[in-house]
Amino acid sequence: MTTTQALIQQLNNLNSIQLDSLDSVLDCIQTPLEWFTSLNDSQQLMILRDSAWKKHVWKVFHDILPYWQLSLTRPPLFSTLWLESASPEIAITMIKTSLPVLLESLSDQHSLDTIEFYTAALKRLVIVAFPFYQYLERDQIAFVCSLLCSIPPRLANLLGSFDSDVFYIQWAHLIAQYPCTFSGELLGKLCRQGHQDKVMPRLLSAIVDPTPFPILFKHASTLVSADKIIQSLLEHVKHPHQLSSLLFSDLNEFLTCALIRLDKWSLANEQLARLAVAAAVHAGLEDLEPITEKVINTWSDSIFIKHASRHEKEYVTVGMLVLLGYAQNLRMGNLVKSVSFYFDQGDRATAQLGALVAEAVSSKLDKEPLNTGLLEGEPKLLEWKKIIFNAKEMAPLEPKELVKIDPLLEVESEEEELDPDATYIPQESDDEFQAYAMDEESDDEGNKRESDAKNHKKPAFIRDLVRYLQDKEDPVKLEIGLNAAENMIRQSTGNGTELEESSEELAKHLICFPETYELDNFRTLQREALIALIASVPEKVTNHVIDLMYDRNTSAGQSQVILSSITLAVRELAGCEAEAKQEPIQDLTDRLGTSLFVSKRIQVEKNKKKAVKNRLAGLAGPVFFFPLLVGWWEGAQGHKKHWIGNNSLLNERFIMTLNIIMHCSTNTPDKRSIVREYFEFALSMRYSNVTCKKALLLGIQVIVLESYKDQEALLFQDFLQELKETKDWLDGK
């Protein structure tokens, strides 16, 4: 019997021979398939996992198919990609090899017949063979999902008129049929690419047993915001008991999303609020007090009252009334004070919402209900007033019917939808002349951006700012968010915990801000926002920022911004910036003219510096200096290519940052340990380039002239050995 190694050698020979006749081509394709009929699973796997098999698939589909396609039949070619009768392990091994080869073989240089064959082969691999993807290894799922999601746009660019929805529709049905880890990550990837509206409705309509889907949605939420998935569930599942069986996140978090974070959604209305609360209660949420308190706090927030749109305020008000309708023991609490805020705004529509809450709660608590008179002639508000009594009543709407499409057939929709990934093909028109509304429209991109900016409101909360900065595809939102970032961070400092809770995510989006858009003063705004963030919550965010600086995916420009931001934030914490910005006191004579007598007390008071609290005390070492050096030593010991020590400019900037931290820590308890660490660092860097040496010597000058000014005896007592080594270094020994 022929051994497996001998067969692999024969396969290598087949891959290397010149194919100049149809018989040799057929022999190259069919011979390996014939071997599989007489081999067991382990022998087949040994061949399939060898590099010779990948070379064989490449030869068949890249070298043979484009030239011999009209002379070949499809079954042997399809079997080379994937054997239908094979075991799951063999099938997924063949698919992992075939899928990248097919995608690499796609090219606009091929004939239309060849491209159509590639299309049929890809449909077979990603649709017919879909049940086998659940056997993928965990570490390969992300890569295969990326390959699958790249297929529709690639085919659309090649074929032009290709209907890419065929894949999305069928994937939705297959995900519903085979819920697993792979299906969850594929769903998350599709939603992240913007195909949520194509996939989610069909997926939800195809669900038979909802039991595995909370786990599937949880996997999807690792790639796309959980809010997007919750939004789709609320839009397409209209029965509380069905919705409750699909919930995948903490129920309080679900209600926070449904009643607060989705307040800008155009579909957010009374029915949606009733549905969300009913589903959470049906899913087992017994204590509604925490979420009720959270919604009341949002509704009562002065920033929300001033800056939220009317739709947002109305929706949060309705959601709060629904929750109050479920409450067993209704208490006014802070509502009375909050209602007065609504009345104080001087806006009738806002005051009516305050009156609505006051009258609704009063009608349930008091024998003689309150009547402000503001709701008269407002049928919608009067109807909402009843919510507190009938919160559990709702008439669920039926989801829209979805047309089923056979994915393996080419279909033509009555209304062709534009695919953003498809190649543009100009259409001939009988209209020779086109009319353009020149007064209303403009081709100038700057004007378009200005008009878009007017449609976007400035973010009112830190969480809104994070949403603006994470939308990498919308330059208008990014610009608004970046311009508002510094002021919002400084205004939020010391006001609640929102800034602290969102600080790490905010820092990440500021540092990784896309550089593809030409925004005015981009670097300055980015740096000022980071300075404000580090200075506002240093203990929470600084370590995260330093970790990002040492990350392999952080560019040199981003590392420069991080170091300069840390430097200026340290100076601000130490009070240096406040001292620099302090306006000089004018002379008495400058203000009053020539004077015969000037009090010495006034002169002394003028020259006397006000004491400024050093907020850097307790932070200089553990928060800034030591974490920076820890990352440095880790990179130096690991000899990593992305280590900042390999970049001379970053190297110098890093040393100067340490110098400034050390200078600002002169009057802090961390001074001695910082100086000790700096000596060790500087002496280890004595053989670096000239610019780094200058920066290091500047640091030693800071130690001698600033950190231990007028304390020479203490300096010699603590660091005698280090000073001797420094002298030897300067003497060239």
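Trainee: What am I looking at, and how is it numbered?
Mentor: This is a predicted model, where local features need pLDDT of at least 70, side-chain atom pairs count only at pLDDT 80 or more, and totals for chains, interfaces and linings use all residues. Residues are numbered from 1 along each chain as its sequence is written, and side-chain values use heavy atoms, with hydrogens and water left out.

Trainee: How many helices and strands does the chain have?
Mentor: It has 38 helices and zero strands. Both are DSSP runs numbered from the N terminus: helices are H or I, at least four residues, and strands are E, at least two.

Trainee: How much of the chain counts as buried?
Mentor: 47% of the 733 residues. Buried means under 20% relative accessible area, exposed means over 50%, and partly exposed is in between, using a 1.4 Å probe and protein chains only.

Trainee: And what share of contacts join residues at least 24 apart?
Mentor: 75%, counting contacts between residues at least 6 apart in sequence. Contact means heavy atoms within 4.5 Å.

Trainee: Which residues have the most contacts inside the largest nonpolar core?
Mentor: Leu-99, Tyr-133, Phe-182, Phe-217 and Leu-234, in a core of 148 residues. Another core lies apart from that one, with 77 residues, including Leu-469 and Ile-661. A nonpolar core is a set of buried Ala, Val, Leu, Ile, Met, Phe, Trp, Tyr and Cys residues joined through side-chain atoms within 4.5 Å.

Trainee: What does Leu-99 touch?
Mentor: Setting aside residues up to four places away in sequence, its partners include Leu-122, Val-126, Tyr-133 and Leu-148.

Trainee: Where is Val-126, and is it buried or exposed?
Mentor: Val-126 is in helix α7, residues 112-128. It is buried, at 0% relative accessibility. Beyond four places in sequence, Val-126 touches Leu-99, Phe-167 and Trp-171, among others. Leu-148 is another partner. Val-126 and Leu-148 are 22 residues apart in sequence, with 7.1 Å from C-alpha to C-alpha.

Trainee: Which helix holds Cys-257 as a buried residue?
Mentor: α15, whose buried residues also include Leu-251, Phe-254 and Ile-260. Eight of the eleven residues of α15 (251-261) are buried, so this helix is largely enclosed by the rest of the structure.

Trainee: What covers them?
Mentor: Among the covering elements are α13 (226-236), α16 (270-282), α19 (310-326) and α25 (462-470).

Trainee: Now helix packing. How do α1 and α4 pack?
Mentor: Their axes are 9 Å apart, at an angle of about 30 degrees, with α1 at residues 4-16 and α4 at 51-68. Axes are lines fitted to C-alpha atoms, for helices over the stretch in contact, and angles run from 0 to 180 degrees between N-to-C directions. α1 and α4 are therefore roughly parallel. Angles under 35 degrees count as roughly parallel, over 145 as roughly antiparallel, 65 to 115 as roughly perpendicular and the rest as oblique.

Trainee: Who makes the contact?
Mentor: Ile-8, Leu-11 and Asn-15 are among the α1 residues, and Trp-53, His-56 and Lys-59 among those of α4.

Trainee: What about α26 and α28?
Mentor: The axes of α26 (475-492) and α28 (522-536) come within 9 Å and cross at roughly 20 degrees. That makes α26 roughly parallel to α28. The contact includes Leu-482 and Ile-489 of α26, and Phe-522 and Leu-525 of α28.

Trainee: Where does Trp-632 sit, and what is it in contact with?
Mentor: Trp-632 lies in helix α34, residues 620-638. It is buried, with a relative accessible area of 2%. Beyond four places in sequence, Trp-632 is in contact with Tyr-550, Gly-645 and Phe-681, among others.

Trainee: Last one. What is the phi of Asp-710?
Mentor: Positive, about 60 degrees, although Asp-710 is not a glycine. Most residues other than glycine have a negative phi. Asp-710 is in the loop between α37 (690-707) and α38 (712-730). It is exposed, with a relative accessible area of 65%.
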